[in-house]
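Subject: Structure handover

Hello,

Here is the structure I promised to pass on. Please open it beside this email as you read.

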Amino acid sequence: VLVKQVDMSQSLGGVMKIKRFTIQLGLLALVAAVANATPLCTSDTWQNYINNFQAGCLVGDKLFSNFGISASNVPASNINVSPDIGVGFEGLFFSSGSYLAFANGTKDSTLTYTVSAPGQIISSSTLTMAGRITSGTGVITVTEDLQQGVVDIPGSPISVSAAGSGAATLDFVGAGGTLQTVLNVSTQIHVHANASSTATLSQITETFTQLAPEPLQSVMVGSGIILLSLVSRKRRNR
Amino acid sequence: MDVYIAPSFTGCTISDKLFTNFIYLNSAEGNGVPVAASSVLVVPDLSNPLNPGFHFVSSAWVVASHTTDTFDSFTDSSIGFTVQTISGLPLIEDNTLTLDIFSATGSAFGDVAETVLPSGQQWGVDTGGPFVDHQTFPPTNILVVSKDLIVAAQGGTESSASITQFSENFSEVGAPEPLTCVLFGTGLVALGALRRRK
C-alpha cells in the first residue's frame, strides 16, 4: 500500500513538473527571442567590433558592448578579437603581434568595453597574457580596470606582467561581496624594450564567470540528500 | 588547425585527455605574411601515453628584414585551447613546451610564450634559448592554455628567423587524487558499518 501511495504522489509531482517545465520552456523561448535580436560576437578586428557591434554582441550568455580604443600606437585594425567560451566562463580573446618592441621601442593601448550578463550576476573576472621579453630587459604589463559606472569595484584593477604572474582573477564575492550585473572594463597594455632588447606581447584573454552552484558539489549534496531520505524511509517502513 | 577551430569541432581526445575550445588568430606587419589556420598542421603526439600532447608544424612561420627596411616585420599566431582529463580526476601536473625546428640570423628571433590557467604560470621558448621549458603545478583536471608564437625581424638589418615545429605535452600523476580517496574510503567504511548494524 505504501509503495502505491508513493507512486501516486510521484506521478502527481510529475504532472506538476510537466506544467512547470512548459512554463520554463516558454520563458526560455522568450529569452531566446530577445537574445536573437543581438548578434553573436565573431572573430574579427577590434576596429570592426567598434564599427559593427557598438550596440553589443553575445559571447554565450554575456553581452559585450561599447567597444573603444584610446592612447594607442597600435591601430584597432591590427588587433584581432575572438569570442572565448570555455568551461564555465565567457570572454574575449585578443591577439596582435603589433605589441612588439625592439630597442627602446614602446607599444601602448587602452581597450574599453562593457560586459553584462542579462538575468545573471557576474561573480569574477580573469585576465591572462602570453608574451615575453625575448632578449635583454624591458617591461610588459596588462592592467584590467573593472568599474561599476565610473567607480572601481573593490579589488580592481588587476594586472599581469612578464615579470610576475601571467594570470590574475578578481573574485567579486571575495572582494567585499559586490556582485555585478554590468561592468565597464578598461584594459591598459604596455610593452617596452630597453636598449638592445626585444619584448613581445600578443595575447590577452579577459573572461567572466557568473554565479552558479559548482556542479560536482551540488551533485554530491543532492545525492547525499536522496540517500538520507531513502535511509529514513527505510527506517520508517520497518 | 582550421579543422580544430571549425564550429563543428566538438573536441578530440589523446590518451586520457580531452582537448576543446580551440581558438586561432593571426596577424603580421612589414614583410611578414599572416599564417592561415589551414597552413598550421596540428599533429597529436602519442609517443608517450603518459605524456600526450601536440606538435604544431608550419612552413609559413618565416620572416626576413633588410637593411633598406624602415619598419620591423613579424608574423604572429595566437592559439588557445582547453585540456581536461576525461575521468574528471585532477591528474594533470606539468606542461612541457619544446621548440623543435627553428632558425634565426641577425637581429631576428622566433619565440613561443604561453600562460596556463589556473596556475597563471608562464612558459617561454626562444630561438636564442631556452629550447625546452618544463614546469609543474598543483594537479588539476582542467587547464586553459593561451599560447603565442611570433617570428620577428628588426627593420634596417639583414635578419631572418623561422619556426617550423614546436611541441607541447601534458603529463599526469599516476595516483588518484587524495580527496577522491577520502570520499571513496568513507563510503566503504559507511557501507561496512551499515552491514554490521543489520
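Below is what I found, feature by feature. Keep in mind that this is a predicted model.

**The sheet in chain B**

Start with the open sheet of 6 strands in chain B. Its strand order is β1-β2-β6-β11-β8-β9, and the pairing is antiparallel. The edges are β1 (12-14) and β9 (121-126) of chain B. Each has a single partner strand, so one side of each is left without a neighbour in the sheet. From one strand to the next, the twist averages 25°.

β1(B) pairs with β2 (residues 17-29) of chain B in the antiparallel sense, over 3 bridges. Cys12(B) has Phe19(B) in β2(B) as its bridge partner. As a reminder, strands of a sheet pair through backbone hydrogen bonds.

**Aromatic pairs**

A search of the whole structure gives 27 aromatic pairs over all chains. I picked out two of them, one from chain A and one from chain B.

The chain A pair is Trp46(A) with Tyr113(A). The geometry is edge-to-face, with 6.3 Å centre to centre and 75° between the planes. Trp46(A) sits in helix α2 (residues 46-52) of chain A and Tyr113(A) in strand β7 of chain A, so the pair ties together parts that are 67 residues apart in sequence. Both Trp46(A) and Tyr113(A) are buried.

The chain B pair is Tyr4(B) with Phe54(B). This one is edge-to-face as well, at 5.9 Å centre to centre and 90° between the planes. Tyr4(B) belongs to helix α1 (residues 2-5) of chain B and Phe54(B) to strand β4 (residues 53-57) of chain B, so parts 50 residues apart in sequence are tied together by the pair. Tyr4(B) and Phe54(B) are both buried.

**A surface patch in chain A**

Ile121(A), Val173(A) and Leu211(A) form a nonpolar patch on the surface. Together they have about 240 Å² of accessible area. Ile121(A) lies in the loop between β7 (106-116) and β8 (122-135) of chain A. Why does Ile121(A) count as partly exposed? Its relative accessible area is 33%, and partly exposed covers the range between the buried limit of 20% and the exposed limit of 50%.

**Backbone points to check**

Two peptide bonds deserve a look.

- Ser156(A) to Pro157(A) is cis, with omega near 0°. Pro157(A) is in the loop between β10 (151-152) and β11 (158-161) of chain A.
- Leu117(B) to Pro118(B) is cis, with omega near 10°. Pro118(B) is in the loop between β8 (108-117) and β9 of chain B.

Two asparagines come next.

- Asn66(A) is not a glycine, yet its phi is positive, near 55°. It is found in strand β3 (residues 62-70) of chain A. With a relative accessible area of 43%, Asn66(A) is partly exposed.
- Asn21(B) also has a positive phi, about 55°, without being a glycine. Its place is in strand β2 of chain B, the partner of β1(B). Asn21(B) counts as partly exposed, at 22% relative accessibility.

Best wishes

Definitions and conventions. Residues numbered from 1 in each chain as written. Chains lettered and ligands numbered in written order. Predicted model: local features only at pLDDT ≥ 70, side-chain atom pairs only at ≥ 80, totals over all residues. Heavy atoms only, no water. Pairing = 2+ DSSP bridges. Helix = DSSP H or I, 4+ residues; strand = E, 2+ residues; numbered from the N terminus. Axes fitted to C-alpha atoms, helices over the stretch in contact; angles between N-to-C directions. Patch = residues over 30% accessible without salt bridge, like charges linked within 9 Å, V, L, I, M, F, W, Y side chains within 5 Å. Areas by Shrake-Rupley, 256 points an atom, 1.4 Å probe, with all protein chains shown as cover. Salt bridge = Lys/Arg side-chain N within 4 Å of Asp/Glu carboxyl O. Buried < 20%, exposed > 50% of the residue type's maximum accessible area, 1.4 Å probe, protein only. Phe/Tyr/Trp six-rings, centres within 6.5 Å; stacked < 30°, edge-to-face > 60°.
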